[in-house]
Amino acid sequence: MRLSSHSFFVLQIAGSAFGFPGKRAVTPPKADHGKAHDVKEAFEISWSGYYKHAFPHDTLQPVTNTYVDDRAAWGVTVVDALDTAIVMNSLEIVQPMLDHIAKIDFTTTSEANYGISLFETSIRYLGGLLSVEALLKQAQTLANSLSVAFDTPSGVPDGTVYLNPVKKNGGATSNNIAEIGTLVLEWTRLSDLTGNKTYAQLAQRAENYLLRPTGAPQAWSGLVGTYVSTKDGTFLDSQGGWNGGDDSFYEYLIKMYVYDPAAFGEYKDRWVAAVDSTAAHLLSHPTTRKDLTFLSEFNGQKTTPSSGHLASFAGGNFILGGIVLGQEKYKELGLRITESYYQTYVQEAAGIGPEGFRWVDAALSAQDPANRAPPADQADFYQKAGFYTTSGYYILRPETVESLYYAYRLTGDTKYQDWAWQAFTQIRKLCRTGDAYAELRDVTRPDGGGFVDEMQSFWLAETLKYLYLIFAADGPVHVQGQGAKNQSVYNTECHPVRARG
């Protein structure tokens with residue numbers, strides 16, 4: 001299979017910057033080709049290590065130079081990394097990727113009774129395939145296989161699919177809103193490209209239960225619970241936030257509006273309600289660093305000052321909403337959240353943010369058991385940092401640099417490039433091992449605490465792509481933060497989806 005010059009939107013990586021007519025003084029984004037080259041080099045090292053030791057299996061184990069098939073053994077790193085290679089113009093490695101993808105049999109798994117994650121497969125595989133329109137038939141074959149997930153009494157999808165020896169779903173009684181609500185962009189796009197409305201109808205029917213919630217009440221307007229019944233689509237709880245299990249449901253509300261504002265106004269309205277309620281009830285300031293703003297979790301109307309690396313995407317999502325709605329309040333909130341979560345990188349000994357952290361909320365009672373003080377061995381750190389670490393590992397996640405990318409595209413302020421470069425420099429130094437990059441055990445230690453023997457595909461699909469784009473030349477594939485129309489929108493795995501129209 002060959003990549004035609006007109007089949008892939010990401011190849012359009014040239015363009016011009018635009019002035020922003022709003023209140024904030026902005027500078028057009030400016031490329032830093034030297035830093036972009038260094039990020040590209042890290043990507044090519046990662047791919048080369050994977051190709052040498054793991055291709056065509058799913059995931060490289062870079063410490064032992066082995067592999068694991070943890071995503072159906074279809075070669076998730078190949079599919080997930082494809083559009084990054086094209087964005088970076090690393091075209092010499094694109095053809096081996098395409099050759100492998102053309103051979104994948106998405107109708108079965110080599111291992112019997114292997115459970116496939118609908119969510120992960122949609123965002124990594126389907127999202128990657130859809131970014132290259134020449135791969136549309138493979139995308140359609142995959143979606144046809146996955147569609148059995150929606151075969152539930154309500155149409156709320158089951159989170160797990162089996163293809164061998166029998167095509168079926170896992171029979172779960174519930175699913176979370178992230179796994180239900182992070183399908184609609186990819187499956188709607190597939191319908192648009194194929195002309196088959198079924199894919200969009202399946203995902204949008206499930207989404208409607210989240211847009212019009214019943215069952216357990218919303219904590220506040222727009223802020224729904226986490227788990228939904230696959231039997232009748234009702235909410236089973238009233239707890240959630242912007243962390244894992246909830247996060248990308250909220251993310252996709254505004255992204256669907258970017259995809260088509262005429263068709264998805266209701267999605268935008270739900271996003272506005274959620275963010276307005278977040279601003280009113282979930283913003284939290286640590287007792288020792290009231291200049292920082294983190295996002296609390298909630299259970300009913302009770303909040304808990306706990307967050308993590310996954311939630312740091314929210315700053316960029318708020319900025320995107322502010323851009324497309326022309327609302328300064330969302331832009332400013334997004335910048336505040338972005339800068340606060342970046343502080344977790346600044347303060348940790350490794351210079352990289354942790355997986356999970358907590359703080360003492362200045363607005364909550366010290367007697368509240370959810371507002372617990374840091375352990376004694378982190379008391380001094382908390383005084384300085386404004387948070388204490390609950391999970392110190394780093395698995396090459398992208399969310400913090402993702403938000404730095406949105407902040408830079410909005411403002412053109414080179415401090416966001418500088419911060420991204422500092423993060424990249426530390427990751428490159430501490431995570432490099434052998435022929436690729438590995439995860440870290442403990443960012444509270446200056447050396448990262450040793451390696452975890454894994455390099456997940458999102459390192460190539462998201463983390464390195466966002467880092468590259470912060471320094472790359474302007475163009476239509478970029479988020480347009482200063483007045484131009486967004487021609488594409490990124491799915492949650494950083495795969496570009498061309499907007500309607």
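The model is predicted, so local features need pLDDT of at least 70 and side-chain atom pairs count only at pLDDT 80 or more, while totals for chains, interfaces and linings use all residues. Residues are numbered from 1 along each chain as its sequence is written, and side-chain values use heavy atoms, with hydrogens and water left out.

**Helix α14**

Helices (H or I, at least four residues) and strands (E, at least two) are DSSP runs, numbered from the N terminus. Helix α14 covers residues 399-411, and its 13 residues should span 18 Å at 1.5 Å a residue; the expected span is 1.5 Å times one less than the number of residues. The end C-alpha atoms are 19 Å apart, which agrees. Of the 13 residues of α14, 13 are buried, so the helix is largely enclosed by the rest of the structure. Here buried means under 20% relative accessible area, exposed over 50%, and partly exposed in between (1.4 Å probe, protein chains only). G412, with a positive phi near 70 degrees, follows α14.

T400 is located in α14 and is buried, with a relative accessible area of 3%. Leaving out residues up to four places away in sequence, T400 touches H309, S312, Y341, Y342 and Y345, where contact means heavy atoms within 4.5 Å. Between T400 and E41 there are 21 Å from C-alpha to C-alpha, at a sequence separation of 359 residues.

Axes are lines fitted to C-alpha atoms, for helices over the stretch in contact, and angles run from 0 to 180 degrees between N-to-C directions. Angles under 35 degrees count as roughly parallel, over 145 as roughly antiparallel, 65 to 115 as roughly perpendicular and the rest as oblique.

Helix α11 (residues 314-325) and α14 have axes that come within 7 Å and cross at roughly 30 degrees. This makes α11 roughly parallel to α14. Their contact involves A314, G315, G316, I319, L320 and I323 of α11, and S403, Y406, A407 and L410 of α14.

The axes of helix α12 (residues 328-347) and α14 come within 9 Å, with a crossing angle of roughly 140 degrees. The two helices are therefore oblique to each other. On the α12 side the contact is made by K331, L335, T338, Y341, Y342 and Y345, and on the α14 side by T400, S403, L404, A407, L410 and T411.

F106 is found in the loop between α3 (94-103) and β3 (116-117) and counts as buried at 0% relative accessibility. Beyond its neighbours within four places in sequence, F106 is in contact with residues including W74, Y125 and L163.

**Backbone features**

Most residues other than glycine have a negative phi, and most peptide bonds are trans.

A73 is partly exposed, with a relative accessible area of 30%, and N89 counts as partly exposed at 48%.
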